[in-house]
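Take a look at the structure below. The report that follows goes through it part by part.

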Amino acid sequence: MNSNIPIHGGNITEEARRLGVKQSQLLDASASLVPFPPPKRLRRYLFQALLNNSLRNYPDCNYQNLRNAIAAFHGIEPSMVLPGNGAAELITWSARNAIEKGVSTLVAPGFHDYERALNCWEGKYIYVNLPLNWSCLSPQDIPFSPSTNVIWITNPHNPTGQLWSRASIERLLTICDLVICDEAFLSLVPHGESQSLIPLAKDNENLIVIRSLTKLFAIAGLRLGYAISSAKRLQQWQSWRDPWPLNGLASAAGIALMRDKDLSKQWTSKIHKWLQKEGPWMYNKLEMISGIKAYPSSTNFYLIEGKESLLNLQSDLNKRNILVRDCRSFHNLGENWLRISLQTKKNNLRILSAIKTILK
Ligand SMILES: Cc1ncc(COP(=O)(O)O)c(C=O)c1O
């Protein structure tokens, strides 16, 4: 793949340099974080952690308090939880297990990081194509079957935003040696938790669920995620990996966020309300713009498709300091596609107005 094509959104340092502007001038709709600053209370927790010497001391390399807090949050055993340096780290270790089981099935288009992780261990994989004509039904059944014994699922799917039904993924557990389910965006989706595979982890040793706190709390810089799987598997990962993959501040923030039930309840309800109101509104507005087709999504990003290349639209949006996700790195998409993450009403209006003006 051409190395100039971005494989992730949200690289605002590089984009600001390229466009000759300050980072603060950019409206970033290329990464799919919620469009609010992280919760204020989180800053207080981080400050407390600084006062408690989290900067000076090594973190507990077992992250026991964090494991306990995450386990209590989900009602599972702490031994079934492994915190990581973002979901990305746990994707790397999942790939280490995947290669032991054979060839992986990846979904096209899909999140590029699974390929990165498999390549890191020289693993083999094939792609199964996702039909590019989905409905707004949510949840929907997975419209593909794996032809190998390992499958990687993203729920909801990135970049399409489709929410898969738990029942349709559960079926895969009976036919695959390993199912890796990345639920990085699931907590953002209203009623999404009812499709989570976490309740199935206890009875299915061939399941790895990966979660991230990045998107929900807008804390991409902190690097905080966790895996839920069998205690045996997670102990092995722990023995392979660096002794302290999460820094002390991330660990303290994670403990506080998972223990503070009021905060997570209020915050999640705010995010669900925003998504339920703003999401369908944005989708309808995008659908009305001639020259592009908008696709429905259960979560906080939307794919749009042009009859022709949308690269000019992307670069004209960039000139207006708006970043959207270039889709050329997604298999089966290409330069006719862009992904736009949902913003606050004011910024959604800014994006819509810019698209309309440019396409006129
Ligand atoms: C589907 C998916 N999983 C995982 C990640 C990485 O999450 P984290 O920031 O926790 O490493 C991303 C980031 O874009 C993602 O889109």
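Helices and strands here are DSSP runs, numbered from the N terminus: helices are H or I with at least four residues, strands are E with at least two.

## About the model

This is a predicted model, where local features need pLDDT of at least 70 and side-chain atom pairs count only at pLDDT 80 or more, while totals for chains, interfaces and linings use all residues. Residues are numbered from 1 along each chain as its sequence is written, and side-chain values use heavy atoms, with hydrogens and water left out.

## Helix α5

Helix α5 spans residues 113-120. Its buried residues are Asp-113, Tyr-114, Glu-115, Ala-117 and Leu-118. Buried means under 20% relative accessible area, exposed means over 50%, and partly exposed lies in between (1.4 Å probe, protein chains only).

Contact means heavy atoms within 4.5 Å. After α5 comes Glu-122, with a positive phi near 55°.

## The seven-stranded sheet

Seven strands form an open sheet with mixed pairing. Their order is β2-β8-β7-β6-β5-β3-β4. Two strands pair if DSSP finds at least two bridges between them. β2 (81-84) and β4 stand at the edges with a single partner strand each, so one side of each has no neighbour in the sheet. The twist averages 25° from one strand to the next.

Strands β7 (residues 207-212) and β8 (residues 225-228) run antiparallel, joined by four bridges. Ser-212 stands opposite Gly-225 in β8.

## Helices α11 and α12

Helix α11 (residues 311-319) packs with helix α12 (residues 345-359) at an angle of about 125°. Their axes are 10 Å apart. Axes are lines fitted to C-alpha atoms, for helices over the stretch in contact, and angles run from 0 to 180 degrees between N-to-C directions. The two helices are therefore oblique to each other. Angles under 35 degrees count as roughly parallel, over 145 as roughly antiparallel, 65 to 115 as roughly perpendicular and the rest as oblique.

Leu-313, Asp-316 and Leu-317 in α11 meet Ala-354, Ile-355, Ile-358 and Leu-359 in α12.

## Glu-305

Glu-305 is found in strand β10 (residues 301-306). Its relative accessibility is 24%, so Glu-305 counts as partly exposed. Residues that Glu-305 touches include Gly-291, Lys-293 and Trp-337, leaving aside those up to four places away in sequence. The C-alpha atoms of Glu-305 and Ala-227 are separated by 34 Å.
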